[in-house]
Amino acid sequence: MASVKLTDVKKVYDNKVTAVHDFNLEIQDKEFIVFVGPSGCGKSTTLRMIAGLEDISGGTLEIDGQVVNDLQPKDRDIAMVFQNYALYPHMTVYDNIAFSLRLKKVPEDEVYERVTNAAQILGITEYLTRKPRALSGGQRQRVAIGRAMVRNAKVFLMDEPLSNLDAKLRNQMRAEIIQLRQKLETTFIYVTHDQTEAMTLGDRIVIMRDGIIEQVGTPQEVFDTPVNLFVAGFIGSPQMNFLKASLIRTGDSFSVSLLGVNLALNPDQNEVLTRKGIGSQEVILGIRPEHTAVLFEPDQNAIECTIDVYEMMGSELHLHLTDQNSDRIIVRLPTIDLTREQRQHLSFGNRLFISFPAKVMHLFDPETEKSLIDG
Ligand SMILES: Nc1ncnc2c1ncn2[C@@H]1O[C@H](COP(=O)(O)OP(=O)(O)OP(=O)(O)O)[C@@H](O)[C@H]1O
Ligand SMILES: [Mg+2]
């Protein structure tokens, strides 16, 4: 059992860099939390403060309701897996995994029990007598996880554990971490800069930028209702398209106008905007590539674009388009329903028309970058 609570946790390094500003988060027992964000946003710093490897400059850190700010790392009952594995090269896999247990003077028969059990869960039993250099990257990664597992820690911290692996192995290990999580009844805090990893692993995702939490939510929440332009652009691949547009208020009804097209919002959206007292204003319209319909003929509700780049992905096409405002737009188009004539039309310089329903539209204020509808 372990909940983790951070209240106004702050990190100021000796060189006066404030790496983390007033971080507030309550992590539930057995929850899988992912910290995600661009390089330098403070993910590792936050994780290392939780582990006790870095002093906390301000605020409180609680584990199971107990303030642990001044507790030594070894007394926090936390296990951590690092990006570079940090295995001891001269020890066998067995001894690497057993290392922390022997330090704690755990009896050898229990060490054996725990090491072989972890090895079995991770599928590395046959490598127990090898040295780390005789293992592949993925196998080393499993040893590093095994070493953390045997400690039966209350909280399991992982800092970019898959970033040294190639794409295929990374997908495989990601699936294994999902399985591992089901076997270990532990709280996980996982750091990555990869939004796909965050989306697939996290019960909740914490999206960070410049030492600040931008949004916390389930993968579905942060995808469906990003609270600002940064989150909208960070979550989802290819990233959300952003177009200059005007929001027009008529009574309590709103529409979005761009490039001669006028798109009415739906009743829920009207209600939110009216409640917030928003009037007519310039907006940034956000549309995800997968939410955009492609038409081959003009339509009064469709925006005219030209094709710049055409990427064949197999089951779908990624089309890079430019509208008449010079906004760049990426569209995902399933290939299965395309006729031969339509495929032939999809080449550089040709015209296409795109449309989308009100329910997939995200609207952002150009000044504050905050969402007008979501959140
Ligand atoms: N020991 C240190 N002394 C001074 N500044 C540091 C130290 N460690 C990190 N920083 C700074 O703190 C900020 C946050 O760094 P941190 O390592 O937490 O980022 P991160 O989100 O883990 O990035 P990455 O994805 O590249 O690992 C950065 O601006 C970094 O330069
Ligand atoms: Mg880091």
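At what angle do helix 3 and helix 4 pack, and how far apart are their axes?

## Packing of helix 3 and helix 4

In this predicted model, helix 3 spans residues 108-122 and helix 4 spans residues 137-149. The two pack at an angle of about 140 degrees, and their axes lie 9 Å apart. Helix 3 is therefore oblique to helix 4, since angles count as roughly antiparallel only when over 145 degrees. The crossing of the two helices is right-handed.

Helix 3 makes the contact through Ala 118, Ile 121 and Leu 122. On the side of helix 4, the residues involved are Arg 142, Ile 145, Gly 146 and Met 149. Sorted by class, this contact comprises five nonpolar residues, one polar residue and one charged residue.

## The largest pocket

The volume of the largest pocket is about 610 Å³. Its lining consists of 19 residues, of which Ile 78, Ala 79, Met 80, Ser 100 and Arg 151 are the closest to the pocket centre.

Which elements each supply at least two residues of this lining? They are strand 6 (78-81), helix 2 (93-103) and helix 4. Helix 2 gives the largest share, with four residues.

## Composition of the lining

By class, the lining of the largest pocket has 13 nonpolar residues, four charged residues and two polar residues.

Conventions:
Residues numbered from 1 in each chain as written. Chains lettered and ligands numbered in written order. Predicted model: local features only at pLDDT ≥ 70, side-chain atom pairs only at ≥ 80, totals over all residues. Heavy atoms only, no water. Axes fitted to C-alpha atoms, helices over the stretch in contact; angles between N-to-C directions. Parallel < 35°, antiparallel > 145°, perpendicular 65-115°, else oblique. Left-handed = near helix turned anticlockwise from the far one by under 90°. Contact = heavy atoms within 4.5 Å. Nonpolar A, V, L, I, M, F, W, Y, C, P; charged D, E, K, R; others polar. 1 Å grid on protein atoms, 1.4 Å probe; cavity = no way out; pocket = protein on both sides within 12 Å on 5 of 7 lines; lining within 4 Å. Points joined across faces, edges and corners; volume = space filled by probe spheres on them.
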